[in-house]
Amino acid sequence: MSVPVLEIRNLHVDFKTRHGVLHALNGISFSIARGEVLGVVGESGAGKSLTGSAIIGLLEPPGHIAGGEIYLNGARIDGLDFESMRHIRGKKIGTIFQDPLTSLDPLFRVGEQLIETIRTHLPLDEKQARARAISLLADVGIPAPEKRIDAYPHEFSGGMRQRVVIALALAAEPDLVIADEPTTALDVSVQAQIIEVLKKLCRERGTAVMLITHDMGVIAETADRVAVMYAGRVAEIGPVRSVVQHPQHPYAQGLMGSIPPLDQHPSQLQQIEGSMPRLSAIPKGCAFHPRCPLVIDACHQTQPELRASGESFAACIRAGEAA
Amino acid sequence: MTEHPMITIEGARKVFDVSSPWLERVLSGQPPQYLVAVDDVSLTIGKGKTFALVGESGSGKSTVARMVTGLLPATQGRFEIDGHNLDTKHGYPRALRRRMQMIFQDPYASLDPRWRVGDIIAEPMRAFDLVPSRHEEQLRVGQLLTMVGLDPADAVKFPHQFSGGQRQRIAIARALASDADVLVCDEPTSALDVSVQAQILNLMKRLQKELGLTLLFISHNLAVVRFMADVVGVMYLGRLVETADVETLFSAPRHPYTKMLLDAVPDLAMTGRKRQPVQGEIPNPINPPSGCTFHPRCPLAQDVCKEKTPVLKNGVACHLADEPVASSKA
């Protein structure tokens with residue numbers, strides 16, 4: 001097998017605070033191959049976005065990588081100095097964030113922002129860069145790109161803005177795109193368009209995508225594999241079809257069950273009792289055990305490692321048993 | 001049936017003046033500009049039922065909710081709650097205001113961070129003079145907290161000590177504090193994680209059953225609407241384009257916009273169905289398209305759609321609603 005575009009091994013991220021060290025990421029491992037879309041799901045505070053920030057080297061202090069390794073195309077990128085990381089960001093790794101208004105500078109025309117990005121990373125002159133910016137805007141489905149390139153971000157609608165952000169992320173032909181909740185701020189009808197664009201472009205270019213979202217529907221339609229995160233750990237990882245339809249980890253099972261179905265009308269939704277623990281009070285053993293319907297004594301003691309179960313890998317000693 | 005519905009809205013219309021300041025307008029010779037946020041919306045909600053309004057941002061869902069609750073004066077239209085005619089221009093009588101409460105989307109913004117939870121929940125009781133003494137007030141707050149799945153001891157805490165889901169529970173307790181029988185819920189779970197959303201939706205359904213509440217439920221999430229609603233109204237650019245009971249709407253949508261919305265929902269079952277690519281975006285409401293406002297995005301649009309605005313007839317506002325669907329080639 002060829003070298004994966006992104007490989008994360010046993011990543012730990014800690015926050016030093018006055019009240020002690022908080023372990024926000026607690027041994028995350030996964031990899032993404034060329035052209036593959038890995039969906040990362042989980043509730044707020046599970047560590048999804050933090051994993052993204054750790055990869056691009058933009059952890060907010062006091063957060064820092066306390067252990068583990070991150071490889072991009074086989075080369076280690078954690079612990080690189082700021083300057084080297086700056087060349088990787090944008091060039092090798094593109095990012096798309098939730099709110100397109102905050103990722104575009106309102107004072108510059110979208111063309112200027114695209115051209116700046118292109119010229120920072122590719123050896124093109126102003127004219128070539130502009131031509132490339134126009135073709136990028138056309139690729140993401142912006143009508144009349146040769147005119148719209150001189151518009152300001154506020155002249156675009158939310159969906160169109162997110163298209164511009166995708167164009168920006170893809171400007172330097174990165175190997176990896178980290179998309180953090182790219183459609184959460186958008187209406188469903190527009191959301192479907194954006195997912196379509198992202199999917200098509202990444203397939204054409206063989207870009208690996210890490211798609212962070214809390215929307216299982218988006219994952220189901222877009223991702224090849226899914227990682228379900230809970231309290232700073234990967235609870236389950238596997239092919240999208242098997243995780244969505246036959247989740248192995250009790251948390252993944254609860255998560256799938258709590259989504260209101262579109263094709264039936266149940267009188268009640270399945271719910272996971274309680275809420276995600278605070279970082280300062282992550283339970284010993286398996287972090288999910290206080291909420292788990294399958295809990296046994298051993299769950300209080302040992303933190304389960306990922307092991308094969310069904311078609312996926314689940315971090316649970318009772319993985320695969322029906323709730 | 002002699003019993004009247006809980007909520008009746010007839011011909012509701014809301015126009016916002018979005019003109020530039022007077023001087024600027026006179027100097028540059030611009031005409032005044034108006035935005036018709038809601039136009040000719042009529043609906044009825046039976047007692048103990050849930051009516052859900054769906055639509056994209058800017059379709060006027062929240063404006064309808066705010067007119068019903070009297071937070072926003074309507075430009076036109078008749079509003080009736082439990083047989084009482086409402087004057088939305090001059091505010092509602094107190095007795096009616098007590099019966100209607102709202103739950104908002106963002107529980108971080110809808111609870112005053114400097115008030116204790118007990119005071120937040122007791123405020124409606126104090127405002128409407130519902131409890132004779134402090135002691136009884138505390139008892140009632142405790143009951144309400146238990147009802148929404150929190151601990152009576154939580155009354156002394158502040159909102160920041162609670163998670164998003166717990167805050168939404170507090171907001172629900174506050175809405176119930178005045179013995180309201182109509183709850184207007186504006187995207188009550190949109191800010192919550194899906195597992196927490198399930199908890200809140202289950203709670204709301206249970207309370208509705210126990211207390212016989214009537215809900216006007218606003219959401220852009222069709223799966224949530226499918227779970228909560230008895231009757232659904234689909235809004236597009238300020239107009240109701242289709243209303244139907246929930247089963248019919250989801251199994252046999254008639255308006256092309258409803259079909260498009262349903263088609264756009266990401267599919268968890270991954271049946272690999274071929275989706276019709278969604279066309280365009282919701283247009284600017286200041287300058288809406290002529291005739292049927294949906295025609296620029298509609299796969300079935302014909303000349304008549306550009307000229308005549310369709311009226312809601314038999315639950316659907318479309319000139320071509322009953323044309324055979326097969327005529328549209330994807």
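How many disulfides does a search of the whole structure find over all chains? The count is zero. Keep in mind that this is a predicted model.

**Cysteines**
- The closest cysteine sulfur to that of C299(A) belongs to C286(A), and at 6.1 Å it is too far for a bond, since a disulfide needs the two sulfur atoms within 2.5 Å.
- In chain B, C298(B) takes part in no disulfide either, with the sulfur of C318(B), its nearest, 6.0 Å away.
- C299(A) counts as buried, at 8% relative accessibility, and C298(B) is buried too, with a relative accessible area of 15%.

**Helix α7 of chain B**
- Helix α7(B) covers residues 194–211, 18 residues in total, and spans 25 Å from its first C-alpha to its last, close to the 26 Å expected at 1.5 Å a residue.
- Because 14 of its 18 residues are buried, α7(B) is largely enclosed by the rest of the structure.

**Sheet of chain A**
- An open, antiparallel sheet in chain A is built from four strands, ordered β2-β1-β4-β5.
- The edges are held by β2 (20–32) and β5 (75–76) of chain A; each has a single partner strand, so one side of each lacks a neighbour in the sheet.
- β1(A), residues 6–17, pairs with β2(A) in the antiparallel sense over 10 bridges, and V13(A) has L25(A) in β2(A) as its bridge partner.
- Helix α1(A), residues 48–55, lies across β1, β2 and β4 (63–72) of chain A and runs at about 105° to β1(A).

Conventions: Residues are numbered from 1 along each chain as its sequence is written. Chains are lettered from A and ligands numbered from 1 in the order in which they are written. This is a predicted model: local features need pLDDT of at least 70, side-chain atom pairs count only at pLDDT 80 or more; totals for chains, interfaces and linings use all residues. Side-chain values use heavy atoms; hydrogens and water are left out. Buried means under 20% relative accessible area, exposed over 50%, partly exposed in between (1.4 Å probe, protein chains only). Helices (H or I, at least four residues) and strands (E, at least two) are DSSP runs, numbered from the N terminus. The expected span of a helix is 1.5 Å times one less than its number of residues. Two strands pair if DSSP finds at least two bridges between them. Contact means heavy atoms within 4.5 Å. Axes are lines fitted to C-alpha atoms, for helices over the stretch in contact, and angles run from 0 to 180 degrees between N-to-C directions.
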